[in-house]
Amino acid sequence: MTDFPDYLDVDYTDGEGENPEDYPTIEDKIEKALAVVETGLREYENPAIMWTGGKDSTLTLYFVKEVVDQFDLEMPPTVFIDHYQHFDELMDFVERWADEWDLEVVYARNTDVGEYVEENGLEPGDDIPIDALSEHNQHHVRNILEYEEETFPFLLDTYVGNHLLKTVALNDALEEYDIDGIISGIRWDEQEARADETFFSPRHDPDIYPPHDRIQPILQFAEADVWDAFWYFVVPETVEGYPEEGYVPQSLDDLPNDLTPEDIPVSPKYFEGFRSLGSEVSTGKSADEPAWLQDMENTSERGNRAQDKEDLMERLRDLGYM
């Protein structure tokens, strides 16, 4: 990507100073999302979709599929970061819908860390010696993070763990597959660190990450909007037999027309009461009712995620975290 970003014609200020209220209806939000996706697919030479199996990235994937079908464009690959601490149900969900939607999935893994964990039978929280890592990972720990301890815990929601297991894995995949634009499902309302993001966000510093852009079609969605989009657009349009006018299920057993949770492109963890799907180790459910029925106005979407990672979000994002 020696010419990057000279061949692009995107507006890096698009969305600057805006918030979800600037897109007052769900139709307004969807229209903007589709426009951002279309620009991304047309402008970037080698785009890819960040897919976690969670609601935001799956909604983003849906919009990409819609644009691809409408304009007969090529479907980009998806990039799934496997940080070795996922819920089993989430992995099953990704495999199920990748097959259903005929997706190419690139599994981004920090295999150096993963192999050490497997070879030594480590459990989450066990210590990993820095000097057991590859030169590549040691460079990130010592020179980029400036971490001085001799070990770090095998936990996703810590500074070193998150950077090695997610950010390094992602950046290595971006470089290996020469990806110039990664389509990501982040939102303005998720965290303060994301509130100033724009729809096309440059990441061009080669000392930190492979130069690329973040294409962010659903910044303008609030949590409740995501669920409205699912139950009134995504599910009716992708699931045969689902009511065209939409239907909001009240539980796992409350699906119309003899459909089962496996038929629905919504992770079963959301039915169980999880509102955010981080890692199996550090994420708890928020309530017993499905995510879309919870009090989204007065409770935190990420309230049951480990706080060390949330408190470090700004630093992590500077290093390439989503």
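**Close-up views of the sheet and its helices**

In β8, Arg214 is the bridge partner of Ser201. This is a predicted model, in which local features need pLDDT of at least 70 and side-chain atom pairs count only at pLDDT 80 or more, while totals for chains, interfaces and linings use all residues. Residues are numbered from 1 along each chain as its sequence is written, and side-chain values use heavy atoms, with hydrogens and water left out.

**View 1. Strands β7 and β8 run antiparallel.** Four bridges join the two strands. Helices (H or I, at least four residues) and strands (E, at least two) are DSSP runs, numbered from the N terminus. Two strands pair if DSSP finds at least two bridges between them. Buried means under 20% relative accessible area, exposed over 50%, and partly exposed in between (1.4 Å probe, protein chains only).

**View 2. Arg203 sits in strand β7.** Its relative accessible area is 6%, so Arg203 counts as buried. The side chain of Arg203 makes a polar contact of 2.4 Å with the side chain of Ser201. A second polar contact, of 3.3 Å, joins the side chains of Arg203 and Glu197. A polar contact is a pair of N or O atoms within 3.5 Å; within protein, one must be able to donate a hydrogen and the other to accept it, and residues adjacent in sequence count only if both atoms are side-chain atoms.

**View 3. Six strands form an open sheet with mixed pairing.** The strand order is β3-β2-β1-β6-β8-β7. β3 (105-108) and β7 (200-203) stand at the edges with a single partner strand each, so one side of each has no neighbour in the sheet. Neighbouring strands are turned by 30° against each other on average, direction ignored. Axes are lines fitted to C-alpha atoms, for helices over the stretch in contact, and angles run from 0 to 180 degrees between N-to-C directions.

**View 4. Strand β2 (residues 78-81) runs parallel to β3, joined by four bridges.** Val79 has Val106 as its bridge partner in β3. Two bridges join β1 to β2, also a parallel pair. Met50 stands opposite Val79 in β2. From β2, Thr78 and Phe80 point one way, Val79 and Ile81 the other, and all are buried.

**View 5. Helix α1 (residues 26-43) packs on the sheet.** α1 touches β1 (47-50), β6 (181-183), β7 and β8 (212-215), and its direction makes about 40° with that of β7. Contact means heavy atoms within 4.5 Å. α1 has 18 residues and reaches 26 Å from its first C-alpha to its last, close to the 26 Å expected at 1.5 Å a residue. The expected span of a helix is 1.5 Å times one less than its number of residues. Buried residues of α1 include Ile26, Ile30, Ala33, Val36, Val37 and Leu41. Seen down the axis of α1, the buried residues fall within an arc of 165°, so they line one face of the helix. The arc is that of the directions from the helix axis to the C-beta atoms. These buried residues pack against elements including α2 and α7 (223-238).

**View 6. Helix α2 is mostly covered.** Of its 17 residues, 13 are buried. From first C-alpha to last, α2 reaches 25 Å, close to the 24 Å expected. Just after α2, Asp72 takes a positive phi of about 55°.

**View 7. Helix α3 (residues 88-100) spans 18 Å between its end C-alpha atoms, in agreement with the 18 Å its 13 residues should span.** Leu90, Met91, Phe93, Val94, Trp97 and Ala98 are buried in α3. Down the axis of α3, the buried residues fall within an arc of 160°, so they line one face. The face turned away from that buried side carries the exposed residues Asp88 and Asp99. What covers the buried residues includes α2, β2, β3 and α8 (268-271). Just after α3, Asp102 takes a positive phi of about 55°.

**View 8. Phe221 lies in the loop between β8 and α7.** Phe221 is buried, with a relative accessible area of 0%. Leaving aside neighbours within four places in sequence, its contacts include Ile26, Ile30, Leu59, Phe63, Arg187 and Val226. Phe221 and Tyr23 are 198 residues apart in sequence and 8.4 Å apart in space, C-alpha to C-alpha.
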